[in-house]
Amino acid sequence: MSAAAAGRRRRARRRRRRTPAWWLGNLLLYVTVVGLAVIFVGPVVWGFLGSLRPISSGIGGPIIEHPLQWHNYARAWHYPDVNFPHYLKNTVFLTALATIPIVLTSALAGFGFARHRARGRNQLFLLMIATTFIPFAVTFLMTYFLFLQIHLINTYWPWLLWGLSGNAGMIFLFRQFYMNFPSELDDAASIDGCGRLRTFIQVYLPNSTSILAVAAVIMGVGWWGDYIWAQLLLNDTQTTLAPKLASGYSLNPGGQSIASIPLTLAGAMLYTIPPLVFFFLMQKKLARGIVTTGVKG
């Protein structure tokens, strides 16, 4: 059979498979995808358009008002009551202070659960996973009063301690990833005289860039958007952008007037740029990490 005839047969076979049920299934799929895109992207588009309105505009009224106020972004950056650059530095610092240790300690713990054979390992792992089902409201007050009693309020120590304690979800992620590594790696490292920690640092960690990127994106975005702990544990000078954006922009700087919705939205749009840039820089490693992370035994 010639190549042309084989191609015609394949096209005819595909046409026969496109039944009404096939078309209906594809239509439902596209409608679902478009609906989810509108749900997730719609608020961002509304916020962007709202940030271009006159600063005295409220929530109501038309979404777009001409002329577009592009200078709202410069106003939001230089607004005296917010001091955007200062609190941006605080946010970057606290995010890095919590994210970098939490990724590394979670990777080390995941390596231990995946590769170290010890009595009670599985039971300890299940106990750790069970902590993820404890509601935040249960631990919230206890954590706050603990930091209050040991005088860590208005310091950055809580973020470092959270980072060094690891994260149960990330430990699970690293454990599943490291379980896919061949045991020959451990044998070869052992023959070369490597202990467990050296094996992790020299063998496993360099081959974990994709899953490290996944963990860094997940934890970094979470700490970047944190509002509650920054509001409760830090004073006005040390806090992050999230609390300042919530109440900093007003129609009368230094006064007690009504908040400016367009300036607040402009500040929020600026606030989202760093995590978006970080996400796009890590996009390839993120996709690779998601694909290579299996969920097995």
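The largest share of the lining of the largest cavity, three residues, comes from α4, where helices are DSSP runs of H or I with at least four residues, numbered from the N terminus. A cavity is here a set of points, on a 1 Å grid over the protein atoms alone, where a 1.4 Å probe fits but cannot get out, and lining residues have an atom within 4 Å of a point. This is a predicted model, in which local features need pLDDT of at least 70 and side-chain atom pairs count only at pLDDT 80 or more, while totals for chains, interfaces and linings use all residues. Residues are numbered from 1 along each chain as its sequence is written, and side-chain values use heavy atoms, with hydrogens and water left out.

The largest cavity has a volume of about 50 Å³, a volume being the space filled by probe spheres set on the grid points, which are joined across faces, edges and corners. Its lining is made up of Thr91, Leu94, Thr95, Trp159, Trp223, Trp224, Asp226, Ala230 and Thr240, and α4 (84-115) and α11 (209-224) each supply at least two of the lining residues. By class, the lining of the largest cavity holds five nonpolar, three polar and one charged residues, where Ala, Val, Leu, Ile, Met, Phe, Trp, Tyr, Cys and Pro count as nonpolar, Asp, Glu, Lys and Arg as charged, and the others, Gly among them, as polar.

In total, two cavities of 30 Å³ or more are counted, and the second largest cavity contains about 30 Å³ of space. Trp46, Gly50, Arg53, Ser57, Gly58, Ile59, Ile261, Pro262 and Leu265 line the second largest cavity, with at least two residues each from α2 (20-50) and α14 (261-281). Of these helices, α14 gives the most, with three residues.

Pockets come next, a pocket being an open set of points with protein on both sides within 12 Å along at least five of seven lines. The largest pocket has a volume of about 840 Å³ and is lined by 25 residues, of which Phe136, Thr139, Trp162, Gly166 and Asn167 lie nearest its centre. Helices α6 (136-149), α8 (168-178) and α11 each supply at least two residues of this lining, and the largest share, seven residues, comes from α6. The lining of the largest pocket divides into 15 nonpolar, nine polar and one charged residues.

For the second largest pocket the volume is about 400 Å³, and among its 16 lining residues Thr95, Thr99, Ala216, Gly220 and Phe278 lie nearest its centre. Two or more residues of that lining come from each of α4, α11 and α14, with α4 giving the largest share, seven residues. The lining of the second largest pocket has 13 nonpolar, three polar and no charged residues.

Helix α4 also packs with α5 (residues 121-130) at an angle of about 140 degrees, with their axes 9 Å apart; axes are lines fitted to C-alpha atoms, for helices over the stretch in contact, and angles run from 0 to 180 degrees between N-to-C directions. The two helices α4 and α5 are therefore oblique to each other, since angles under 35 degrees count as roughly parallel, over 145 as roughly antiparallel, 65 to 115 as roughly perpendicular and the rest as oblique. The contact, meaning heavy atoms within 4.5 Å, is made by Gly112, Phe113 and Ala114 of α4 and Arg121, Leu124, Phe125 and Met128 of α5.
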